[in-house]
Structures are given as C-alpha cells and as structure tokens.
Amino acid sequence: MQRTRILTAVLALAAGLLAGAPPALGADAAKNVSITADTYTWKNARIDGGGFVPGIVFNRKERNLAYARTDIGGAYRWQQSSKTWTPLLDSVGWDDWGHTGVVSLASDSVDPDRVYAAVGTYTNSWDPGNGAVMRSTDRGASWQKADLPFKLGGNMPGRGMGERLAVDPNRNSVLYLGAPSGKGLWRSTDSGASWSQVANFPNVGNYVQDPSDTSGYASDNQGIVWVTFDESTGTAGSATRTIYVGVADKDNAVYRSTDAGSTWSRVAGQPTGYLAHKGVLDAANGYLYLAYSDKGGPYDGGKGRLWRYATATGTWTDISPVAEADTYYGFSGLTVDRQKPGTVMATAYSSWWPDTQIFRSTDSGGTWTKAWDYTSYPDRANRYTMDVSSSPWLTWGAHPSPPEQTPKLGWMTEALEIDPFDSNRMMYGTGATVYGTEDLTKWDGGGRFTVRPMVQGLEETAVNDLASPPSGAPLLSALGDVGGFRHTDLAKVPSMMFTQPNFTTTTSLDFAETSPNTFVRVGDLDSGPHIAFSTDNGANWFAGTDPSGVSGGGTVAAAADGGRFVWSPAGAVVQYTTGFGTSWQASSGIPAGAVVESDRIDPKVFYGFKSGKFYVSSDGGATFTASSASGLPSGDSVRFKALPGTKGEVWLAGGATDGAYGLWHSTDAGATFTKLSGVGQADTIGFGKAAPGASYQTLYTSAKIGGVRGIFRSTDKGATWTRINDDAHQWGWTGAAITGDPRVYGRVYVSTNGRGVVYGDTSDAGGGTDPTPAPTGACTVTYRITNQWSGGFQADVQLSNTGSSAWDGWSLGWSFADGQRITQLWNAEYTQSGSTVTARNVSWNGGVAAGSSVSFGFTGSWSGTNAKPAAFKLGETSCTVV
C-alpha cells in the first residue's frame with residue numbers, strides 16, 4: 001500500500017507552471033494560427049486505482065447509488081450494471097485544476113438525482129484558487145459551481161476525516177460544510193447555490209499536524225471535519241433539529257444543535273485527548289458512534305479509541321475493541337448496517353505493519369471480532385480471502401515474512417461503508433484501491449468472506465512521464481506512488497508495476513530510439529538505487545548503481561543506440577555512463593538539475609535545459625556547451641523532445657505567464673530556436689505517427705492556442721492545429737507529459753495529475769484503429785504450465801511462425817478438456833466461451849517474421865485435473881504441438 005502521496009501539482013507550481021491566471025492570447029500571437037476541431041474517443045489505459053480513496057458515500061434512498069471521492073483525481077459514481085466507476089469531474093479545466101481534489105461528497109437522500117462535491121486541493125499557496133461546492137441535479141453528469149471565499153484541501157492532512165459536507169435528510173435545501181483553516185461552519189439554504197458562515201458556531205478547530213511547517217501544508221488548522229444529522233428529530237419538509245458536528249480539537253471534538261442550527265453547544269461528558277475522525281449515527285438504536293485517533297491522518301496515528309454516545313440519555317461508553325495500551329494506530333473508518341441496527345464496523349486506518357485491521361460488532365459495540373487474529377505468532381487466521389486477480393499488481397510483487405501477507409488487507413483505510421440496502425456488500429478505500437465484498441455476513445457465521453478490488457473505472461495515478469516506443473509494448477508510464485507500468489494492452493490491467501527495483505515514484509523514463517528494447521527509468525526510493533535498466537522493452541528490469549549524492553530520480557536520457565545514458569538526478573550533478581550504469585562520471589558544462597534528453601539518431605548527442613539556457617553534448621554526455629539561442633523561457637518549467645528520424649531537430653515547450661511561454665522549434669540541434677507565433681502557451685510536446693499522406697510526424701501538445709486551453713494536434717509541423725479534446729474532457733492539469741503513438745495515427749497518450757493515463761483515438765480516416773489479425777501459414781505451439789497450486793495455475797504459450805511468410809496479425813484457438821478458465825492473460829487479447837479460447841495479438845506483437853516466435857501467458861483456475869490442450873489452430877490452420 002502507499003506510504004506517501006506525491007504532490008505532482010505541487011512540483012509544477014514550484015516550477016512556476018501555474019502561478020496566477022494566464023493572460024488572454026494577444027492578437028499578434030494568434031494571427032497566424034488556424035484551429036479546427038476533431039471528434040476523439042477518450043479512455044484510460046487501465047491500471048484500476050493507484051491512489052488514495054478517502055471517502056465512499058451510499059445514497060440512503062436509492063439502491064446501488066454510490067459515490068467515491070479521491071484526494072487529487074476527482075469524484076466517481078458507481079455503475080451497478082457493469083460494477084464499474086464513472087468519472088464525474090473530467091470537465092475541470094486547466095485554470096481550475098485544484099478542483100480535481102475532492103474533500104467531501106454528499107448524496108441527497110430526498111432527491112437522489114442531486115449530488116454535491118466540495119472541491120479544492122490545497123489550503124496553502126500551492127493551490128492558487130479558492131475552493132468551491134459543485135452541485136448536480138443529474139447525478140454528476142453536469143455541474144454548477146458555487147465559489148467559496150476560502151480554500152479547501154482535498155490533498156491536505158486530515159482529508160480522510162468526514163464527511164465535511166452533509167445534506168439535511170428532512171429538508172434537503174439545507175446543507176452544511178465544515179471548513180479548514182479556521183474558516184468555521186458554513187450553511188446553504190438554497191441547495192448549495194449560495195453559502196454563508198454560521199456565525200455563532202463556537203469552535204473553528206485548532207489541531208495542526210506540524211506547527212513548524214513553514215510551507216503551510218502540515219501547519220494548517222484542520223478545522224471542522226464532519227457533520228451528522230439525527231434524522232429522527234425532523235419530519236419531511238422541516239429542518240432536522242439535532243445536528244452533530246466534529247471539530248479538529250482534542251479537548252472539544254463534538255458539538256450539537258437541537259434547534260436546527262440556531263444555537264450550538266459542546267456535548268457534555270465527551271472524551272478528550274483525541275480527534276473524532278468520524279461520527280456515524282444509528283437512529284434506530286439512538287447511538288452516535290465515534291472513531292477517534294491521536295492524529296489527523298491519513299497515514300499517521302499512534303493511539304485510538306471507539307466511543308458510543310446515547311443520544312437520549314447523554315451517556316458515553318468506551319466500546320473500543322482493544323485496550324488503549326494495545327493500540328498503535330488510530331481508528332477512522334466507521335460504518336453501521338442500516339438493515340441490521342446494532343451492527344457496527346471500524347478500521348485501524350494507520351496500521352501499516354503487519355496489516356490494517358477491521359473490527360465488527362453485532363451488539364452495538366459490546367463485543368467485537370477482528371478480520372484477522374494471531375494463532376501462534378507470527379501465524380495469522382483470516383476471516384477473509386483476498387482475490388486480486390483483476391488487479392494482480394496489488395501484491396506489489398512482494399514476498400513478505402509472517403505476520404505480513406500479500407496482498408495486504410489495506411492501509412490508510414479511512415473510507416468504510418456497508419451498503420444501506422445490502423448487509424452483504426461493503427466497500428472500503430485504501431491508499432491504492434477500493435476493496436469490497438459481497439458476502440460480508442459470512443463473517444458472523446464463522447465463514448470466510450471474499451475481498452476483491454471494486455475499483456474498475458476509477459483511475460487515480462499521477463503521471464510524470466510517458467513513452468510509446470516504435471516496437472514492443474505501446475505504452476510505458478512513470479507514475480507517482482506506484483512507480484509505473486508497461487502496457488501491452490491498453491484495455492487490460494498489467495500484471496505488475498515496475499519492479500527490481502520498485503520505486504515509490506518514477507520521475508522519468510526513456511528508451512533507445514533505434515534499439516527500443518533498451519529502457520531506463522529513474523525515481524525515488526527510501527533506500528536503494530534510483531536508476532534501473534531493461535533490455536527487453538521494459539518487461540524485466542535490473543538496478544543500476546547510483547553516483548555519490550543522489551537523493552532522487554530527476555530526469556534521464558538513453559542514447560539512440562542504447563549504448564550510453566545521461567542522468568540528471570536530484571542531489572547530484574549531471575552524470576553520464578557507458579553501459580548500464582555501473583560507473584558514472586560527472587558531465588561538465590551543464591548545471592545540476594537540468595532536464596536532459598537524447599538525440600533520436602546520433603547516439604553521441606544529448607541535450608539539456610536549465611534556467612533559460614539550452615545545452616548540447618556531442619561526445620556522449622561528457623561535456624556540454626551552452627547554446628547561444630535566446631528568448632527561451634527563463635524558468636525551469638520546460639519539457640522538450642528531439643524528433644525521431646531526424647538528427648538535431650528539437651521541439652521545446654514551456655514557460656510561465658510572467659515571461660516567455662510557448663512552443664519553440666530547432667532544426668540545428670538547438671543552436672537556434674524559432675518560436676511558433678500561433679501558440680500562446682504550451683507545456684508539453686510529443687510526436688506520433690504521421691497522418692495519411694503526410695511525411696512529417698504528428699505533433700501533440702497540452703497548450704493554449706487561439707485563446708483556448710486544450711490538447712492539440714498538428715499534422716503540418718505546427719502551421720495549423722486541431723483541438724482534439726473538448727470541454728467535457730479536460731482532466732485538470734495535463735502539463736507533465738504527452739506522446740503520440742508511432743504505430744497508430746491519431747492516437748495520443750495524455751498525462752494527468754490524478755486521473756491516470758488518458759488516451760484518445762481520432763475519428764479521422766486512417767486513425768485510431770489497431771491492425772486487424774489475419775492469421776495464415778504453418779505454425780508450432782509450445783504450451784507450458786509454469787506454476788500450479790490448489791485451484792489455480794499459470795501457463796506460457798509460445799507461437800512460432802514455421803512458414804515462409806511473415807504474419808501481419810494472428811489468432812490462436814484451443815479448447816480446455818477439463819473445464820479450466822482463464823482469469824488473467826497478458827501480451828494478447830482473449831475471449832473464452834465454455835472451454836473454447838481464442839487469443840489474438842495486441843497492437844505491438846502482430847507482426848511475426850518467418851522463423852520467429854511470439855509468446856503470451858495467463859493465469860487460470862482448475863479443479864480435478866489440469867490437462868494441457870491437445871490441439872491449437874492459427875485461424876483455420878492446425879499447428880504442430882511441441
């Protein structure tokens with residue numbers, strides 16, 4: 001699970017990318033630009049999850065209506081028919097990028113079509129904009145916005161507490177919002193259209209994570225953290241009279257109003273010394289349950305308690321499942337079963353080692369059972385089984401010693417909800433995914449319930465870099481928190497993130513243009529090397545050796561032939577090496593911290609950029625010389641790339657609103673640059689396959705052109721541009737990376753800060769379609785079971801072209817004799833109907849030369865026997881089975 005949460009947007013802000021509102025594009029800048037539009041289909045390269053989900057909200061009137069919030073990646077609605085999540089805030093644009101951070105959600109149980117989101121990413125200077133409350137009358141399909149006079153912190157400490165936003169369950173035009181930063185309690189009486197402060201609310205909170213933090217991130221007052229209505233104290237159409245409010249104040253954590261918010265008082269007799277992360281009311285039994293921690297979360301917490309408050313008598317009861325001395329974690333996740341009053345569950349959210357813990361009581365907290373217990377230390381007995389076959393990377397490729405297990409039950413488990421209509425369904429958020437079960441009540445009968453990822457469609461990775469090589473896998477990504485992935489099929493979840501080593505965050509990656517099996521990546525790691533290499537197109541990796549002083553990944557470049565590398569790491573000067581990083585030497589003539597790239601033809605030529613200066617090396621990175629080119633951006637908010645197929649041709653994007661900002665082009669290895677007059681701002685640049693009939697590669701950029709912010713494409717070297725996204729598909733900040741696909745015209749991969757890797761295909765003729773398999777010729781198949789266990793197995797299949805002609809696509813079919821079922825397949829697409837399986841090539845491995853082979857693998861289930869298939873067919877041709 002995640003130990004840290006990368007602040008990708010913060011890095012951008014620190015570099016000056018988003019400092020202030022951009023000016024309108026001047027007439028001189030726009031006069032030569034021609035803009036058209038195109039219809040694109042947008043999808044995610046599937047990873048499924050990858051980030052922290054601090055909140056899950058079920059509607060209490062309509063079955064199967066649920067929402068999830070993320071700290072930087074927007075909000076989602078559950079789609080029961082497909083059991084997937086639908087993104088709801090992709091319309092957030094560049095200037096409002098902070099509104100992709102969601103600090104709270106509220107679903108209206110009077111009118112289920114209404115949903116609200118409190119948005120804003122940081123309360124300090126990292127986010128230049130104020131927060132807002134978004135409101136929708138169509139379940140998040142469209143939104144209206146009420147701007148607030150203060151900031152909200154979807155990615156701030158304490159973001160897992162809540163919910164801070166709540167709708168009155170009796171008079172749904174009334175809403176409350178708990179604010180951070182000492183801004184108090186706020187109320188709307190017109191369904192979220194306008195807001196005013198509740199002036200007489202007595203406590204704005206006082207808890208800060210770290211008062212010494214001068215950045216304002218950890219030193220912000222976490223404020224008012226949850227609002228809970230007692231629906232039994234109101235009638236339909238009249239405001240609910242009793243309202244409970246949680247405040248980040250260890251001595252005064254819970255307040256109440258009994259007159260619909262007219263007056264407020266501290267609840268008498270309450271425990272002190274802890275923060276109340278959650279307050280969940282079971283109106284049927286008259287109990288308010290509270291989960292307490294000594295820290296604000298989402299990953300800290302050393303002690304915690306659970307308490308129950310009897311609303312009728314005012315009696316407080318400590319119902320903690322373990323003694324205070326035995327807690328090394330705080331409590332946060334908290335839920336009740338609306339179908340079975342008296343059933344309550346809670347999480348030990350901050351227990352990283354050996355695992356999180358989930359507690360369950362069916363007698364209102366009188367007694368508890370645990371999701372797992374020790375038998376004889378370090379052995380554990382679990383009440384659950386884990387099935388992560390849909391997201392196998394959740395094991396992290398780990399092989400821990402007991403009592404740790406892989407995959408973990410979770411960490412940062414602050415969101416926990418039992419479906420109010422189904423006692424068997426529970427969902428909970430972690431630092432990496434949404435887990436859930438649909439047979440929860442087996443817990444009470446001594447059986448084992450099954451936990452699976454319930455996260456498909458929710459994509460929450462922060463993307464730092466992208467690569468689409470001319471052969472091999474179509475996409476490799478550098479990601480925050482989960483390192484990165486190699487996608488052989490964009491529609492399938494990769495089996496594992498990059499390992500050997502597994503960086504917490506990958507900051508940069510590159511491949512050798514003329515030898516694309518050679519890859520390099522760099523990143524951050526608590527201890528160990530910060531660089532890794534691959535010689536098989538990123539399928540497997542091995543660690544390099546760090547030069548002295550390296551503290552982080554920085555940027556890295558591979559020579560065109562893969563024979564040498566240049567690395568600009570954090571904490572050290574720029575370095576170069578021949579071979580795979582066993583010995584590094586300092587480069588001269590280039591400052592530390594420069595962004596580095598390679599020429600895509602000449603293996604001795606490398607480029608760099610730092611503080612307005614462009615640098616060139618013609619001796620493999622040993623020495624760099626500053627170019628005399630002037631007029632480039634003075635800051636470091638720059639990304640540039642050399643054009644594949646042409647020596648010395650460089651495109652550079654970047655800048656800031658208070659200086660040079662745009663897109664530049666060089667055809668002489670950076671000696672001179674020409675600024676494109678039609679591009680007012682540009683932040684990324686990438687290349688893809690040329691359009692039909694064109695000879696020059698397609699350009700892609702995240703930019704402002706003609707006064708419009710968007711994702712743009714040019715098929716004529718930047719003379720004209722086509723905006724290929726639309727207002728419904730903006731994804732907040734897209735300034736980290738972009739690349740086209742060198743094999744599929746019109747396909748573009750776009751980085752986001754919390755919505756994963758988005759890719760688009762054009763509706764233009766000749767674009768967006770992968771080659772269609774047309775299998776022919778003689779063939780041989782080798783089928784090998786590589787691992788087998790009770791109920792499951794793994795197999796590899798090698799398909800060899802033993803004919804005399806190359807294949808342009810292939811389709812291999814077989815039948816299982818013993819009822820085996822494929823559960824996950826990689827390096828191919830597949831369908832299975834009964835016992836019959838058909839595997840087809842993906843975009844990058846359809847071409848198989850005569851005498852060559854292609855391989856794919858899969859995991860499957862079996863029972864009884866697991867005989868190998870007796871026959872295989874390539875289309876209609878029978879293959880020889882080895």
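Asp481 lies in the loop that runs between strands β35 and β36 (486-487). The model is a predicted one, and in it the phi of Asp481 is near 70°, a positive value in a residue other than glycine. Asp481 has 6% relative accessibility, so Asp481 counts as buried.

How far can the model be trusted along the chain? The mean pLDDT is 93, and 94% of the residues reach 70 or more. Residues 1-32 have a pLDDT below 50, although the model gives this stretch 92 contacts beyond near neighbours in sequence. Where pLDDT is low, the predicted coordinates should not be read in detail.

The domain assignment divides the chain into domain 1 (52-267), domain 2 (284-460), domain 3 (462-626), domain 4 (644-771) and domain 5 (779-881). Taken over C-alpha atoms, the centres of domain 4 and domain 5 are 38 Å apart.

One place to look next is an open sheet of four strands, in the order β23-β24-β25-β26 and with antiparallel pairing. Its edges are β23 (331-336) and β26 (369-370), each of which pairs on one side only.

The largest nonpolar core has 35 residues, and Met345, Trp393, Leu409, Tyr428 and Val757 are the members that touch the most others. Strands β30 (416-418), β31 (426-429), β33 (449-453), β34 (463-467) and β35 (475-479) each supply at least two residues of this core. Leaving aside neighbours within four places in sequence, the contacts of Met345 include Leu334, Ile358, Phe359, Trp368, Leu416, Ile418, Met426 and Trp443. A second, separate core has 25 residues, among them Val781, Ile822, Val837 and Trp862. In soluble globular proteins, nonpolar side chains tend to be buried together.

Two cis peptide bonds deserve a look. One joins Tyr377 and Pro378, with omega about 10°, and Pro378 is placed in the loop between β27 (372-374) and β28 (380-382). Another joins Pro402 and Pro403, also with omega about 10°; Pro403 belongs to the loop between β29 (384-386) and β30.

Is β39 covered on one face or on both faces? Both are covered: Ile531 and Phe533 on one side, and Ala532 and Ser534 on the other, are all buried. Strand β38 (residues 515-524) runs antiparallel to β39 and is joined to it by four bridges, with Phe519 opposite Ser534. Six residues lie between the strands in this hairpin, where Gly528 takes a positive phi near 115°. Strand β39 is also joined to β40 (residues 542-543), antiparallel, by two bridges; here Ala532 has Ala543 as its bridge partner.

The last stop is a group of strands around β62 (residues 792-801), in which seven of the ten residues are buried. Ten bridges join β62 to β61, and the two strands run antiparallel. Gln788 stands opposite Phe793 of β62. These strands form a hairpin with two residues between them, and Gly791 in the turn has a positive phi of about 85°. Strand β62 pairs as well with β69 (residues 853-861), in the antiparallel sense and over nine bridges, with Leu799 opposite Val854 of β69.

Strand β61 also carries one end of a disulfide. The structure holds one such link, formed by Cys779 and Cys879 with their sulfur atoms 1.9 Å apart. The two cysteines are 100 residues apart and link distant parts of the chain: Cys779 is in β61 (residues 779-789), and Cys879 is in the loop between β71 (877-878) and β72 (880-881). The angle about the S-S bond is -95°, and the link of Cys779 and Cys879 is left-handed. Cys779 and Cys879 are both buried.

Terms used
Residues numbered from 1 in each chain as written. Predicted model: local features only at pLDDT ≥ 70, side-chain atom pairs only at ≥ 80, totals over all residues. Heavy atoms only, no water. Pairing = 2+ DSSP bridges. Disulfide = S-S within 2.5 Å. Buried < 20%, exposed > 50% of the residue type's maximum accessible area, 1.4 Å probe, protein only. pLDDT = per-residue confidence, 0-100. Contact = heavy atoms within 4.5 Å. Domains from an automatic or database assignment. Core = buried A, V, L, I, M, F, W, Y, C linked by side-chain atoms within 4.5 Å.
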